[in-house]
Amino acid sequence: DDFKKRISAHVPVAVKGSIINYNDNLEVNISSINIVDFKIYERYGYNQDSLIKSADDNMKKLYNQLDKYLNDLNSDYKRIIKKIIKNNYKKFTSYPSINKPYMLRGGLLKQIVTLLNLHEKIYKQYNNINNDTVKAGIILKNIGCLYYFNDDFQFSVSKKNKKVGCKLHGVNLINDYALSYSSFSHDIKTQLQNIILSENSENDVNINYINSIYAFDLNVK
C-alpha cells in the first residue's frame, strides 16, 4: 500500500531490490520504489529514451527522403501536406504509428517513407492509379496519430482519444487544414478523407492500392 501511493500512471519509477529465488523462479524482492528524479538518476545511467523503443533510422535522413517525394506532388496535395508537417514537425518525426510494427518512437515517419519507397518501385506497373493521389494517401493514411497519441514519453492514449479514434482525428485534421485555403479543391479534400476512413472501395482503385500496400508491408514485418 505504501508503494502504491508513490506510483502514478505514465510516470517512470526507480526500483531498488535484490534478486531472490521463489518457487524455482527468479523474482525481485523490492526494498524501495520512487518516482524518478532525472537529476539524481542520470548519475546512475538512467536515460528516459531507453524506456521506449525507437526506430533505428536517422530521422533527418528519413525526413529528407520524404521531402523529395513531397516536392514531386501536385500543388494542391503538396501545400496541405507540407503545412501539416511544418506545423507538427516535432510530432511527425518522433511519434509512433497506429500499426503495431511501427509502434515505436519515429515509427510514423519510418512507415510512411518505407511505403513510399515500395510504391516507387512498383507503381509504373499499374497504369490506372493516380500517382499523386496514392503518394498523398500513403502520407496521410495514419496522420491522425499526430493528435491520437499524447505528447508524453510513452505516447499514451487518453480515454477521449480512444473514443474519437485515430482515423477521425485524421479526417478532422484534413478538414481543418483544407479550410485554411479558400481555393482548396473540395474533391481532393473528400478524397483524402475517404482514404483515411476506407478499408476498401469498389469504385476507387487508388484507395484499394493504398490499403493493399499498407497491408502487404504489415504482413511481412
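Author: Helices (H or I, at least four residues) and strands (E, at least two) are DSSP runs, numbered from the N terminus. This is a predicted model, in which local features need pLDDT of at least 70 and side-chain atom pairs count only at pLDDT 80 or more, while totals for chains, interfaces and linings use all residues. Residues are numbered from 1 along each chain as its sequence is written, and side-chain values use heavy atoms, with hydrogens and water left out.

Reader: In which helix does His119 lie?
Author: The side chain of His119 reaches the side chain of Tyr209 in a polar contact of 2.8 Å. Such a contact is a pair of N or O atoms within 3.5 Å; within protein, one must be able to donate a hydrogen and the other to accept it, and residues adjacent in sequence count only if both atoms are side-chain atoms. The helix that holds His119 comprises residues 107–122 and is H5.

Reader: Is His119 buried or exposed?
Author: Beyond four places in sequence, His119 touches Ile129, Asn131, Val134, Lys135, Ile138, Tyr209 and Ile213, where contact means heavy atoms within 4.5 Å. Buried means under 20% relative accessible area, exposed over 50%, and partly exposed in between (1.4 Å probe, protein chains only). Because its relative accessibility is 0%, His119 counts as buried.

Reader: What radius of gyration does the protein chain have?
Author: The C-alpha trace spans about 65 × 40 × 30 Å along its principal axes. The radius of gyration is taken over C-alpha atoms, and the globule rule is 2.2 Å times the number of residues to the power 0.38. For 221 residues a compact globule would come near 17 Å, but the protein chain has 21 Å.

Reader: Which pattern does the protein chain follow along the sequence?
Author: The protein chain contains eleven helices and two strands. Read along the sequence, these elements follow the pattern β-β-α-α-α-α-α-α-α-α-α-α-α.

Reader: How far apart are the centres of the positive and negative side chains?
Author: Lys and Arg count as positive and Asp and Glu as negative, whereas His and the chain ends are not counted. The place of a charge is taken as NZ of Lys, CZ of Arg, CG of Asp or CD of Glu. With 31 positive and 22 negative side chains in the protein chain, the separation of the two centres is 4 Å.

Reader: What distance separates the C-alpha atoms of Tyr41 and Asn150?
Author: Tyr41 belongs to helix H1 (residues 38–41), and Asn150 to the loop between helix H7 (145–148) and helix H8 (159–164). Tyr41 is partly exposed at 23% relative accessible area, and Asn150 is partly exposed at 24%. These two residues are 109 residues apart along the chain, and their C-alpha atoms are separated by 25 Å.

Reader: Is Phe155 buried or exposed?
Author: Phe155 lies in the loop between H7 and H8, and Asn150 counts Phe155 among its contacts, together with residues including Tyr95 and Asn161. Phe155 has a positive phi of about 50° although it is not a glycine. Because its relative accessibility is 7%, Phe155 counts as buried.

Reader: What value is phi of Asn23 near?
Author: Asn23 sits in the loop between strand E1 (13–22) and strand E2 (25–35). With a relative accessible area of 60%, Asn23 is exposed. Its phi is positive in a residue other than glycine, with a value near 55°.
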